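Please read each one alongside the sequence and the structure.

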Amino acid sequence: MITLHDTGVFLAGGALHAAAPISQAEGRRRTLAWQILQAHSVSGDPEKLQVRFDAMASHDITYVGIIQQARASGMREFPVPYALTNCHNSLCAVGGTINEDDHAFGLSAARKYGGIYVPANQSVIHSYAREQLAGCGKMILGSDSHTRYGALGTMAVGEGGPELCKQLLKNTWDVPYPSVVLVYLTGTPKRGVGPHDAAIALIKATFGSGFVNNCVLEFAGPGVAGLPIDFRNGVDVMTTETTCLSSIWETDDETRGFYEAHGREDAYKELRPGEFAYYDKYIELDLGKIEPMIALPFHPSNAWTIREFLDNAPELLAKVEADARGRWPKAQVNLTQKIHDGGVWADQGVIAGCAGGLFDNITEAADILRHGSCGDGYFSLDVYPTSVPVSLELTKIGATADLLQSGAVIKPSFCGPCFGAGDVPAHNGLSLRHTTRNFPNREGSKPGEGQFAAVCLMDARSIAATARCGGRITPATEIAYEPVRHPYHFDRGVYEKRVYNGFGRPRPEEKLILGPNITDWPEMGPLADNLLVELAAVLRDGVTTTDELIPSGETSSYRSNPLRLAEFTLSRREPEYVGRAKAAAELESKRLAGETPERLQDLLDRCGAKAEETQFGSCVFAMKPGDGSAREQAASCQKVLGGLANICYQFATKRYRSNCINWGILPFTLDEGTAFPYEAGECVFVPGIRAAIRDGREDIPAKVLTADGGTADILLHIHGLTLEEREILLDGCLMNYYARRVN
């Protein structure tokens, strides 16, 4: 089904070759990734990219902070098309007016700076970008981790807000030239197998080993031609969960058809790797051997075929229960109760968002449910088309009617089910979702308070098959139905009537509309000569997600208020963190005021350091932090609370490490195998840190001040900082970096 090859390969004539009449270096220059990245880099050094993007996109839990940062740094107008979509804070049930206040801010910013404003429930961020911004050979930057448009010939990257701020200030996205991994597709998917099945299988094969971490995936091979564009888009958007950097696909008449349907024929051009393009590694994926898949909590890689799961459900669900109890001792977890009456029964199905709410997914779900019923039991099915144009076409062809007649509920375009806002199941509920993630709490429960619910990822086809069986989990391949592929007709008038497109026409005289929850970022000081940090959280899980660092769901409404949002930091994973971080920040505040509290003086005496030369704050230790969302708040909330460093063995993603740097959080790593037996409350002293960063030293000796009054030597590393990143850390954060240059 899927085979990973940790060796290089050439691609020529649509076939794989171990050798070629050209060098590997020449072959690298023939990949699509090389051609597009180099065309967008202004560095002049092909190994050190400085990229300028063609367009950008943000949604309403990120764009306020990004624009506030850029405005404080001297931005006067948006230099590229910048779409502000309103698909995350569309459920205005928490926090009074604050969600709509953000939307009013977004429209006022689009008018003032010359942006694109997509009102709530018109489209999810990635649907709008596909429909209106993508183009063959282009690059798009988004403040959402699932910014992936490779199937449309567009290299796209999801990053934290500060990286978008750099683009708004006409600066660059800096990254070493990445490894490029070929995903060689063969075969044709069988009836009942959809894009989520192929994507989940790919994630299962690659995530655990980090096989494609920070690489570009390039999709080619004879299997591409047989895939409809929605199938390609559905696989492509999920490549984020492999932890790759970006993706790109060869294009063909199917791609051309997408652009023609959307009235943008000029955005299409044929993209194919050159003869004997060379790839650093490759993956063989036989689409014909993919079976319907299910990803069990709490990660898309915790995956099995649905048939394997059903055959081993007692054991597999017991493992999920044990994992959940270990994470949340208060939660009364019981998923094995779902096994009864000869099957495993779910309570909910959801087809939604940038992965699930695609036209082909929903029409085939309608094919499966036509003349069927979801039943009158506990099971429910909710369907969210990805945009109003998609919803309109589904209505015109009768798919919406078929779903409604089966008992499904059609809802507006909204990303909420993907991150825990809306469709929260009952306690011990089991939800099946064609969405992007099933991380802890992504369904919106609060297991720290004794609530628990779980999400399994499945393709829309098998969710519909399960709905047809009243909630008994069923692979779509075991249901008799005839899929009908409908041509898609895009109605441009929907967006022409509601979307504000002011790119190239800024109105500087207009005022930003600032609701009472929209606040400026607090002041942040520069890096001192020495650093002393208290461990405020010590996390020993294999991976720590950004959802654990700053929860999604109900916290989304507060993302325009840095101080209020920071109160949620690590709340579902380490509830003591905020109190510890605040206590450390209070000591630092007194130090800056010229006082030296007794506890701080005791620590300084143990270090042999002077108060006026030594910055004090908090630190998070985690084994491998930052998997998941691109949202910058996973780092900025730590900084708002006085966080000054992360210590880990490896950062899960480039984007989280970049977020830390851009917020002035030192990204320390340890050598693999180095013991770190220290606990919260113990401190780490890093002498001469400012000089080390200034001089580009990567090996940084430090001392741990242990709880027993002793000290222990430890070697920290900060590898591969660019000159700009060093300056950002010295200045204390990206905003300070820009402000210093403006002033």
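1. Y128 and Y495 are both buried in this predicted model. Their rings form an edge-to-face aromatic pair, with 5.2 Å from centre to centre and 65° between the planes.

2. F298 counts as buried because its relative accessibility is 7%, under the 20% cut-off. W328 is likewise buried, at a relative accessible area of 6%.

3. The count of aromatic pairs comes to 20. One aromatic cluster is made up of F621, Y649, F676 and Y678.

4. Two lysines are placed over aromatic rings. The charged end of K204 sits 4.8 Å from the centre of the W304 ring, over that ring. K281 lies over the face of F211, at 4.2 Å from the ring centre.

5. Strand 11 (residues 180–186) has 6 of its 7 residues buried, and is therefore largely enclosed by the rest of the structure. Strand 11 pairs in the parallel sense with strand 12 (residues 216–220) over 5 bridges, and V181 has L217 of strand 12 as its bridge partner. Strand 11 also runs parallel to strand 15 (residues 281–286), to which 6 bridges join it; here V183 is partnered by I283.

6. How is the unit of strand 11, helix 7 and strand 12 handed, right or left? Strand 11, helix 7 (residues 195–206) and strand 12 make a right-handed β-α-β unit.

7. A separate point concerns an open sheet of 3 strands, which has the order 3-2-14 and antiparallel pairing. Strand 3 (15–17) and strand 14 (277–279) stand at the edges with a single partner strand each, so one side of each has no neighbour in the sheet. From one strand to the next, the twist averages 35°. Strand 2 (residues 9–12) pairs with strand 14 in the antiparallel sense over 3 bridges, and A277 in strand 14 is the bridge partner of L11.

Notes:
Residues are numbered from 1 along each chain as its sequence is written. This is a predicted model: local features need pLDDT of at least 70, side-chain atom pairs count only at pLDDT 80 or more; totals for chains, interfaces and linings use all residues. Side-chain values use heavy atoms; hydrogens and water are left out. Buried means under 20% relative accessible area, exposed over 50%, partly exposed in between (1.4 Å probe, protein chains only). Helices (H or I, at least four residues) and strands (E, at least two) are DSSP runs, numbered from the N terminus. Two strands pair if DSSP finds at least two bridges between them. A crossover is right-handed if, with the strands pointing away from the viewer, the path from the first strand over the helix to the second runs clockwise. Axes are lines fitted to C-alpha atoms, for helices over the stretch in contact, and angles run from 0 to 180 degrees between N-to-C directions. Rings of Phe, Tyr and Trp (its six-membered ring) pair if their centres lie within 6.5 Å; planes under 30 degrees apart count as stacked, over 60 as edge-to-face and the rest as tilted. A charge sits over a ring if NZ of Lys or CZ of Arg is within 6 Å of the ring centre and within 35 degrees of the ring normal.
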